[in-house]
Amino acid sequence: MSGILLVADHANGKLADISAEMVGAAALVKDGIGGPLTVVVIARSPGDFTAALNLPGVDEIVTVETPGEHFDPAITEEAVCQIAMTMQPRLILAGNTVNGMAYAAAVAARLGSGFASDCISLAVEEGAIVATRSGYGAKVNMDLAFPGRPVVTLTLRGATFIAPEGAGQATVSAAAVDLSQVAGMIEHVDYTEAPPANVDIEKAEFILSIGRGIGDEKAVPRFQALADKLGATLGCSRPVADSGWLPKPHQVGQSGKVASNCKLYVALGISGAVQHLFGMKHIDTVIAVNTDADAPIFSVAKYGATVDLFELADALERQFN
Ligand code: FAD
């Protein structure tokens, strides 16, 4: 077994950035693994993507034409498995995207390969593939080896690996796969676009951010009004967004937005979990308001008050109304 099989990622007719980033990731281990780097593109019109995928380091591009125009995890899984059984690669790469997550683990299970998701680094050490991923809520990084697994399937995190620039010299050919057993198993119904964001946490200079400490969705309009009054952008922690109290673009943190331009951050009823701190701990002036004096948010705060956030809201409203 040798070589790398990389599955290109695309949606709505656009090639996802992760596709080229995976080529950059593959370059890190290609010599150690040996064999060619093959990119497979599975689409209604795969030829639309071959030029953009013909990057330095890619040896061959293999195309699979699908019956439907939308991503179909069953078709992708079947096509990747059939190509992998013919090619016998040592490494299979997919994006850690909505698409990649829908088929990569199934591919690994069918091939009996090792598997790790959301990998942030790749290496070959003493001939063995080693993948790094975060664990325990991003508190540690773990190096994973896959003893006894001749094939390894990995999904890679986006915006982590550097895409190569320039044009490559890959050959392009159509793969001989039979998708008749899986065609039509899954019906694509619709794409639902996320509502347009009317906040830009990354650009905001003053953020008033609310956490689970506000207790109830009914309190949100009060803090929106307070933010408007103060000239602040309303931010929130993840539970507030996950509960649907505020739309996702308001969320600050690792799986939300980083408040890159913020100068003043007021955190109301936010405990300061490491994932929240990821998005705001760099800010010069953080004011934390929390009834728990031991809350970790105070470790990044310039000013802190261990008071009830509603009492503070009352006082601010009196002051600014
Ligand atoms: P809690 O931790 O429940 O804290 C509520 C705080 O309010 C408490 O400290 C409490 O003392 C205080 N409080 C309660 N009542 C009052 C009151 N009346 N007055 C004053 N204080 C009060 N979280 C994010 O925020 N952003 C992310 O991007 C994010 N990404 C994540 C990604 C992953 C992979 C994982 C595993 C988790 C992520 N999380 C993220 C979740 C994170 O781990 C925490 O669960 C979350 O940040 C907690 O939100 P919180 O502080 O609002 O709630």
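Tutor: Let's start with the strands: two of them pair if DSSP finds at least two bridges between them. Strands (E, at least two residues) and helices (H or I, at least four) are DSSP runs, numbered from the N terminus. The model is predicted, so local features need pLDDT of at least 70, side-chain atom pairs count only at 80 or more, and totals for chains, interfaces and linings use all residues. Residues are numbered from 1 along each chain as its sequence is written, and side-chain values use heavy atoms, leaving out hydrogens and water.

Student: How many bridges join strand 14 to strand 15?

Tutor: There are 5, linking residues 264-268 with residues 285-289 in a parallel run. One to look up is leucine 264, whose bridge partner in strand 15 is threonine 285.

Student: What is the strand order of the open sheet?

Tutor: Its 5 strands go 13-12-14-15-16, with parallel pairing. Strand 13 (233-236) and strand 16 (303-305) are the edges, each pairing on one side only.

Student: Which strands does helix 5 touch?

Tutor: Contact means heavy atoms within 4.5 Å. Helix 5 (residues 220-230) packs on the sheet against strand 12 (206-210), strand 13 and strand 14.

Student: At what angle do helix 3 and helix 4 pack?

Tutor: Axes are lines fitted to C-alpha atoms, for helices over the stretch in contact, and angles between N-to-C directions run from 0 to 180 degrees. Helix 3 (residues 73-87) and helix 4 (residues 98-111) make about 40 degrees, their axes 9 Å apart. Under 35 counts as roughly parallel, over 145 as roughly antiparallel, 65 to 115 as roughly perpendicular, and the rest as oblique. The two helices are therefore oblique to each other.

Student: Which residues of helix 3 meet helix 4?

Tutor: Pro73, Thr76, Glu77, Glu78, Val80, Cys81, Ala84 and Met85 do, and the helix 4 side includes Tyr103 and Arg110.
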